[in-house]
Amino acid sequence: MEAANKLSTIAKTFKPSPIQELSHLAQSCNAINLAEGFPDFPAPLHLKNAAISAIHSDFNQYRHVQGVCDYLAKIVNEKHNLDVNPQTDVAICCGQTEAFAAAVFAIIDKDDEVILFDPCFETYEACITMAGGVPVYVALDPPHWTLNPETLKRSFTEKTKAIVLNSPHNPTGKVFTKVELEVIAGECCSRDCLAITDEVYEYVTFDNNKHTSLASLSGMKDRTIITSSLSKSFSVTGWRVGWAIAPPLIASAIKNIHVKITDSAPAPFQEAALTALTTPQEYFELLQKDYEYKRDFMVKLLEGIGFQIAFKPQGSFFLFAELPEDFPFTDVFYLVYLSCVPSNDGICKEDDREGRSGGCARAWIFSR
């Protein structure tokens, strides 16, 4: 039996994730992890204690914790002036990744086009492709990764079903401006398109930049699916508690897909989410200050050894650093080389799209 003939057509198109490959290489060498966007410092003690307490209290079976939906609705309504119903508009999922995938599966049919801002997180393309959709890339203009409104407008066709927005942005560190958000919202409304937002870095912004949810703009609440999670805000990327917030019909579809695939997010961590979602504002202010210090440290360090930093990140964990002009090797070689250097944190490469210059790595900000 030839095993390759037994694979589905979509499975044959997928290659190993370069992020995962670099991560596994780093682990095998006991080295800096230059790939995945996760912090190298402990999760908050009060949150860990809440999870431990939930396990000891035997919250270890399939579970839906409605209180998580209640708190999320309260937070989103207060922060973004929305009117989210916790009973009908919120779906708890296994991390933002599953929430995003379920959202795509809920709205995308074969040959539907979905606009992605390039560069972007690799999971978006994979989910759209699995759903039978067609990714359409709109390049952000370096070095400040600005959105050209005319480029965006030209990307729409009669087949465009949705647009994906990640802000603060992985991997550039960009926070989309209010003007850019208004352009996106205007196109969605005028062309009757949906939007899926990835807002996992909403609490990681710098230099007085503030996160604005696309759903809060005029005409967007009923056409936006917000996805997010505990992962980045609380340094628990392995707990896999995320959510989607959407109009009732779409939220219901996301819940149904979630149940068919994974049934429920980890029960003890859903219980711990109740503690996370009632964390005082002072925690987020300290988180922001810590990451801003680390961003500044990383920029100074890279510039000091010859890298060019054309854009200082406004949010998220990432920055683009251009290799020195006289560097004799490719960016990929450099990253693999660094992956074999014993230490404890790092940098990652986003695969280049056609027409984009090489020599750019994405670096995430490490702890002192």
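**Cysteines and nonpolar cores**

Cysteine 189 sits partly exposed, at a relative accessible area of 30% (buried is under 20%, exposed over 50%, partly exposed in between, using a 1.4 Å probe and protein chains only). The model is a predicted one, where local features need pLDDT of at least 70 and side-chain atom pairs count only at pLDDT 80 or more, while totals for chains, interfaces and linings use all residues. Residues are numbered from 1 along each chain as its sequence is written, and side-chain values use heavy atoms, with hydrogens and water left out.

As for disulfides (pairs of cysteine sulfur atoms within 2.5 Å), the structure has zero. Cysteine 189 is in none, its nearest cysteine sulfur being that of cysteine 188, 6.8 Å away. Cysteine 193 is buried, at 1% relative accessibility, and its sulfur lies 5.9 Å from the closest cysteine sulfur, in cysteine 188, which is too far for a bond.

Turning to nonpolar cores (sets of buried Ala, Val, Leu, Ile, Met, Phe, Trp, Tyr and Cys residues joined through side-chain atoms within 4.5 Å), the largest has 41 residues, with Leu230 and Phe234 making the most contacts inside it. Elements giving two or more residues to this core include helix H4 (66-80), strand E7 (242-245) and helix H11 (281-304); helices (H or I) are DSSP runs of at least four residues and strands (E) of at least two, numbered from the N terminus. H4 supplies the largest share, five residues. Domain 1 (4-42 + 282-339) and domain 2 (45-280) both contribute, so this core lies between them; the domain bounds come from an automatic or database domain assignment.

Beyond its neighbours within four places in sequence, phenylalanine 234 is in contact (heavy atoms within 4.5 Å) with residues including Pro44, Leu47, Tyr283 and Phe284. A second, separate core of 32 residues includes Ala91, Val104, Cys120 and Tyr124.
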